[in-house]
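Please keep the structure in view while reading.

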Amino acid sequence: MKWNSSSLSSSDLFVSRPNKNPSNPLLQFYPKQTKLLLSIGHINQTPSSLLQSLGISAATRELEENMRSFVSKVAVVGSGISGAVCASALARNGVAVTVFESARGPGGRMSQRREISEDGTELFFDHGAPFFTVSDNDVMGLVHEWEARGLVAEWKEKFGSFDCISAKFVDFEKEGSCKKYVGVPGMNSICRAMCQEPGVDAKFGVTVGRLEWLEDKNSWLLTGLDGQSLGYFDGVVASDKNTVSPRFTHVTGRPPPLDVSLAPELAQKLKEVPVHPCFALMLAFSEPLSSVPVKGFSFKNSDVLSQALCDSSKPGRPQMRYMQIAIGSAHQIECWVLHSTAEYAKGVISQTGLQKPSNTTLTKVAEELFQEFRSSGLHLPDPFFVKAHRWGSAFPAAVIAAEQKCLWDGEKRLAICGDFCVGPNVEGAVLSGMRAAAKLLEMFSCL
C-alpha cells in the first residue's frame, strides 16, 4: 500500500493487515497453506518446521529468509497514549515494533495508580488524565473501536465549578453538552491493550539511555542506561519530549538519550516547549461525599487547587466497601483525585528542585492540598487514605507542530510525537501518534 501521511485516517491506519503481520512471517508468502496448518494443530511450530510441513525447498527457504529480513523494525520510546497509538498502527501494517517504557506499566499520564491502605484495602486512582473528549472525526473512529472492544466508556455524571469565594457550586454543565470518555477499568486500559497487540513487543522497566544513528548501517542503535544494547532499528519514534530535553539531565544527571546534533532542528523546537507542573492528591473516603452534588468540578478563585474528580463514579470501576469492624457495618468507598494549580506546583519545585520529591515534601503537599479542599466550606469527612504525586513536566503549555502534528526527520526515519505537538490533551496526543505512524509507513512504502 502506498502511504500519504498528509491524508491519513483512522480507517487507513488501524485496519489490520494479517498478511503482513511479522508475528506470522510465513503468512506474507504462503497465506493459504500456512493458515491451513495453523488451523489443524501446527500453531506451535517454528517457521522452519512450518516450511518443512509446507514442503518448501531449501532454495525457496533461503529466498523466504531474505525477504523476511526486509520487515521494518521500529523502536517506540514511551508507552503513553501517543506512543501506544503509533505502535498499534505500525504493527497492524506489518512493522515489527518494540516499545521501551521506563515505568513498570503503560500509560504515561494515562496510567492508573494502585495503592494499598493501612488496613489492606486495595485502591485505584487515575491520577493523571482523568478523562478525555473528542472532536476530531479520525480520533472518534478510533474511540468507537475502543468502545466496541470494551476499552473505553462514556462517563455520564454531573460536572460543574466551585467558587471558593462564595463557597458555592456554579456553572453546572448541561447534560450531554460534552461527552467525556474514560478507560475501562482504568485510564491505562487503552495503552495496555495496544501494547499487547500482535506485532508489538513491549518492554517495561527499561529506560533508553542512548539513541545512536549509525550512518554506515543506515539504522538506529538503542542502548540502555547500563550500556547494554537494546537492538538495531530502521526507525525510531520518541513519544517523550524529554528525549532531547535538558530536563532529562536535571532529573537523572545524565545527558538526554538523543544527541541534539543528530536532529538539531527538532531538538531546538523541543527545548522551547514550556510545561505546567502539577501535583495530584489521591484521597479515599469511607463514605460518599454527600455535600458535593457533582462527581467532577473545577475550582474558581483558588491559588492551590484546579480540579477535583471522583474516580469511583467512573464506569467499570470496582465497587469497594469499607468495613467498620467496631459497629459491624460497611460503607461505599469513594476515591477522589485533586489536581493542584500550575502556580502552586511551580512554587514547590522552585524550593525543592526537579529531582524526585522526598516523602517529606509529598507529605507536606498532601496536607496543604487537602487543607485547601476542606477550607472551601464543603463538609468533608476525614479520608482514610491520603497520598500526593508530582507530575513534573507532563502537561505542555504550548504546541510546536499544530499543522505537521509530529516532528519528523525523513533522512534518519525519526519521529517525535506527543500532545506537545498538536494539543495539550489526549486527543492531541492520539493525532500526533497517528501522524508519526503514517510518516514512517509512507517512508517504508518507498523503500
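Are α10 and α11 roughly parallel or roughly antiparallel to each other? The model is a predicted one, in which local features need pLDDT of at least 70 and side-chain atom pairs count only at pLDDT 80 or more, whereas totals for chains, interfaces and linings use all residues. Residues are numbered from 1 along each chain as its sequence is written, and side-chain values use heavy atoms, with hydrogens and water left out.

Helix α10 spans residues 342-352 and helix α11 residues 359-374; helices are DSSP runs of H or I with at least four residues, strands are runs of E with at least two, and both are numbered from the N terminus. The axes of α10 and α11 come within 12 Å and cross at roughly 155°. Axes here are lines fitted to C-alpha atoms, for helices over the stretch in contact, and angles run from 0 to 180 degrees between N-to-C directions. The two helices are therefore roughly antiparallel to each other, a term for angles over 145 degrees, while under 35 counts as roughly parallel, 65 to 115 as roughly perpendicular and the rest as oblique.

Across this pair, Tyr344, Val348 and Thr352 of α10 meet Thr361, Val365, Glu368 and Leu369 of α11, contact meaning heavy atoms within 4.5 Å. These residues divide into 4 nonpolar, 2 polar and 1 charged; Ala, Val, Leu, Ile, Met, Phe, Trp, Tyr, Cys and Pro count as nonpolar, Asp, Glu, Lys and Arg as charged, and the others, Gly among them, as polar.

Asp138, Val139, Leu142 and Trp146 in α6 meet Glu427, Val430, Leu431 and Met434 in α13. The contact comprises 6 nonpolar, no polar and 2 charged residues.

Turning to the strands, an open sheet of 6 has the order β9-β2-β1-β13-β22-β21, with mixed pairing; two strands pair if DSSP finds at least two bridges between them. Its edge strands, β9 (200-204) and β21 (407-409), each pair on one side only. Strand β2 (residues 96-101) pairs with β9 in the parallel sense over 5 bridges, and valine 99 stands opposite alanine 202 in β9. Helix α9 (residues 264-271) packs on the sheet, touching β21 and β22 (414-416), and its direction makes about 165° with that of β21.
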